[in-house]
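Student: Hi! Could you walk me through this structure before I set anything up?
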Amino acid sequence: MKGKAGFTLVFTITCLLLGAFPAMAGEWRQTEEEQWQYIQDDGTKATGWLDLDGKRYYLDENGNRKSDYWYKEDGYWYYLDEDGVMAQNTWVDNYYVDETGRFEKKR
């Protein structure tokens with residue numbers, strides 16, 4: 001019985017200690033140059049396309065989020081709005097981007 005009580009005590013203390021630390025989650029951070037970067041769970045900067053909370057972002061090779069920016073990839077143009085979110089199913093000035101975010105036509 002003594003062994004079971006000791007295990008329960010150790011288990012309870014471990015659970016309490018683990019609960020004191022929040023789960024690691026990626027987060028947006030602003031650099032000294034006022035660039036936004038997404039730091040992943042493992043501490044590295046995300047680069048390339050990032051799908052997060054139903055939104056899509058593009059981060060350059062340095063991890064900087066592109067905003068208010070036309071980005072070309074594989075012959076297709078994509079628009080990233082002022083918050084860095086890829087536009088979809090909308091007009092951007094005189095240009096229409098479809099549900100995939102690709103520039104489709106001009107007015």
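Tutor: Happy to; we can go through strands, cores, rings and charges in turn. Keep in mind that this is a predicted model.

Student: Let's begin with S1 and S2. How many bridges join S1 to S2, and do they run parallel or antiparallel?
Tutor: S1 and S2 run antiparallel and are joined by 4 bridges. The two strands form a hairpin with 5 residues between them. In the turn, Glu 34 has a positive phi of about 65°.

Student: Which residue does Trp 28 stand opposite in S2?
Tutor: Trp 28 stands opposite Tyr 38.

Student: And what about the rings, across the whole structure: how many aromatic pairs are there?
Tutor: The search finds 11 aromatic pairs. One of them is Trp 28 with Tyr 38: the ring centres are 5.2 Å apart and the planes are at 70°, so the pair is edge-to-face. This pair links distant parts of the chain, with Trp 28 in strand S1 (residues 27-30) and Tyr 38 in strand S2 (residues 36-39), 10 residues apart.

Student: Is Tyr 38 buried or exposed?
Tutor: Tyr 38 is buried, because its relative accessible area is 11%, and the cut-off for buried is under 20%. Trp 28, at 24% relative accessibility, counts as partly exposed.

Student: What does Tyr 38 touch, leaving out residues up to four places away in sequence?
Tutor: With those left out, its contacts include Gly 26, Glu 27, Trp 28, Thr 44, Lys 45 and Gly 63. Tyr 38 also touches Ala 46, Leu 50, Leu 52 and Leu 59.

Student: OK, on to the cores. Which residues make up the largest nonpolar core?
Tutor: That core has 7 residues in all: Tyr 38, Ala 46, Leu 50, Leu 52, Tyr 57, Leu 59 and Val 85. Strand S3 (48-52) and strand S4 (55-59) are the elements that give two or more residues to this core. Apart from it lies another core, of 6 residues, among them Trp 49, Tyr 71, Tyr 78 and Met 86.

Student: You mentioned S3. Why is S3 described as largely enclosed?
Tutor: Because 4 of the 5 residues of S3 are buried, S3 is largely enclosed by the rest of the structure.

Student: And how do S3 and S4 pair?
Tutor: They pair in the antiparallel sense over 5 bridges. Leu 52 has Lys 55 in S4 as its bridge partner. The hairpin of S3 and S4 has 2 residues between the strands, and there Asp 53 takes a positive phi near 55°.

Student: Charges next. How many salt bridges does the structure hold?
Tutor: It holds 2 salt bridges. In one, the side chains of Arg 29 and Glu 27 meet at 2.7 Å, N to O. In the other, Asp 51 is bonded to Arg 56 as a salt bridge, with the closest N and O atoms 3.0 Å apart.

Student: How accessible are the residues in those bridges?
Tutor: Arg 29 is partly exposed, with a relative accessible area of 43%, and Glu 27 is partly exposed too, at 36%. Asp 51 is exposed at 56%, whereas Arg 56 is partly exposed at 28%.

Student: Which charged residues sit over rings?
Tutor: Arg 65 lies over the face of Trp 28, at 5.0 Å from the ring centre. The charged end of Lys 66 sits over the ring of Tyr 69, 4.5 Å from its centre.

Student: Last one: where is Gly 75?
Tutor: Gly 75 is in the loop between strand S5 (69-73) and strand S6 (76-80). This glycine is exposed, with a relative accessible area of 55%. Gly 75 and Arg 102 are 27 residues apart in sequence, and their C-alpha atoms are 9.9 Å apart in space.

Technical notes:
Residues numbered from 1 in each chain as written. Predicted model: local features only at pLDDT ≥ 70, side-chain atom pairs only at ≥ 80, totals over all residues. Heavy atoms only, no water. Buried < 20%, exposed > 50% of the residue type's maximum accessible area, 1.4 Å probe, protein only. Salt bridge = Lys/Arg side-chain N within 4 Å of Asp/Glu carboxyl O. Core = buried A, V, L, I, M, F, W, Y, C linked by side-chain atoms within 4.5 Å. Contact = heavy atoms within 4.5 Å. Phe/Tyr/Trp six-rings, centres within 6.5 Å; stacked < 30°, edge-to-face > 60°. Lys NZ or Arg CZ within 6 Å of the ring centre and 35° of its normal. Pairing = 2+ DSSP bridges.
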